[in-house]
Amino acid sequence: MPNNAYTLRNEDFISNIDVICPKCKTKAVVIGGQPYKDTNEYEGDVFFSCTSCGFALKYADTPKVTVFTNSRGKDVTARVLFLNSPVDPFFGYDVWYQIETKYGLLWAYNLEHLTVIENYIVDKLRSRNGIPYKNNTIGSRLPQWVKDSKNRTYLLKLIKRMKV
């Protein structure tokens with residue numbers, strides 16, 4: 001996978017998400033997320049697993065919520081995805097790679113995602129190299145305090161701490 005924050009989106013990292021187990025608070029994983037497929041295709045593939053306590057859960061077994069009621073009075077239900085937030089999009093469990101900074105929360109879905117953010121912070125030029133502007137890329141969606149060069153050393157020290 002390319003390592004350019006202007007060609008990647010947060011959703012590109014949801015096939016393997018490191019999360020905090022809600023039962024034992026150790027590192028666990030959510031695997032199989034591919035929301036670009038048809039809903040019925042990927043819901044059966046997504047599951048949560050904790051090797052420490054043995055807790056496991058399939059996304060297809062989670063309850064659906066009523067999204068709206070159609071004109072015939074029938075409830076339309078779906079599972080809601082929590083994209084672009086410090087929780088996994090399927091179950092809503094907190095991501096493992098997160099740290100509170102003096103400016104706000106810095107988070108990543110997995111180590112590869114964190115490395116893309118780290119490389120963006122390290123890069124002093126941050127050139128798009130002809131890549132057209134897209135507002136849904138990691139580089140465009142990071143908060144300004146992450147982009148500010150004055151915070152570079154501070155943030156890189158915190159990221160190094162998160163990777164341990």
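Guide: Start with W107, which is buried, at a relative accessible area of 15%. The model is predicted: local features need pLDDT of at least 70 and side-chain atom pairs count only at pLDDT 80 or more, while totals for chains, interfaces and linings use all residues. Residues are numbered from 1 along each chain as its sequence is written, and side-chain values use heavy atoms, leaving out hydrogens and water.

Visitor: Why is W107 called buried?

Guide: Buried means under 20% relative accessible area, exposed over 50% and partly exposed in between, with a 1.4 Å probe and protein chains only. W107 has 15%, so it is buried. Y109 has 0%, so it is buried.

Visitor: What makes W107 and Y109 an edge-to-face pair?

Guide: Rings of Phe, Tyr and Trp (its six-membered ring) pair if their centres lie within 6.5 Å; planes under 30 degrees apart count as stacked, over 60 as edge-to-face and the rest as tilted. The centres of W107 and Y109 are 5.0 Å apart and the planes stand at 65 degrees, so the pair is edge-to-face.

Visitor: How many aromatic pairs are there by this rule?

Guide: The count comes to ten. One of them is Y59 with F91: the centres are 5.7 Å apart and the planes at 85 degrees, so this pair is edge-to-face. Y59 lies in the loop between β4 and β5, and F91 in the loop between β6 and β7, 32 residues apart.

Visitor: What makes R79 a charge over the ring of Y59?

Guide: The rule asks for NZ of Lys or CZ of Arg within 6 Å of the ring centre and within 35 degrees of the ring normal. The charged end of R79 is 5.7 Å from the centre of the Y59 ring and sits over it. K102 likewise lies over the face of Y154, at 4.8 Å from the ring centre.

Visitor: How do you know that β7 and β8 pair?

Guide: Strands are DSSP runs of E, at least two residues, and helices are runs of H or I, at least four residues, both numbered from the N terminus. Two strands pair if DSSP finds at least two bridges between them. β7 (residues 97-100) and β8 (residues 105-108) have four bridges and pair in the antiparallel sense. Y97 has A108 as its bridge partner in β8. Four residues lie between the strands of this hairpin, where G104 takes a positive phi near 160 degrees.

Visitor: What joins β2 to β3?

Guide: Three bridges join these antiparallel strands, and V29 stands opposite S49 in β3. They belong to an open sheet of four strands in the order β1-β2-β3-β4. Its edge strands, β1 and β4, each pair on one side only.

Visitor: Why is C50 called buried?

Guide: C50 has a relative accessible area of 2%, so it is buried. Its place is in the loop between β3 and β4. Not counting residues up to four places away in sequence, C50 touches C21, C24, T26, A28 and F55; contact means heavy atoms within 4.5 Å.

Visitor: What makes a set of residues a nonpolar core?

Guide: The set consists of buried Ala, Val, Leu, Ile, Met, Phe, Trp, Tyr and Cys residues joined through side-chain atoms within 4.5 Å. The largest such core has 39 residues, and those with the most contacts inside it include V30, F48 and I138. Its largest share, five residues, comes from α2.
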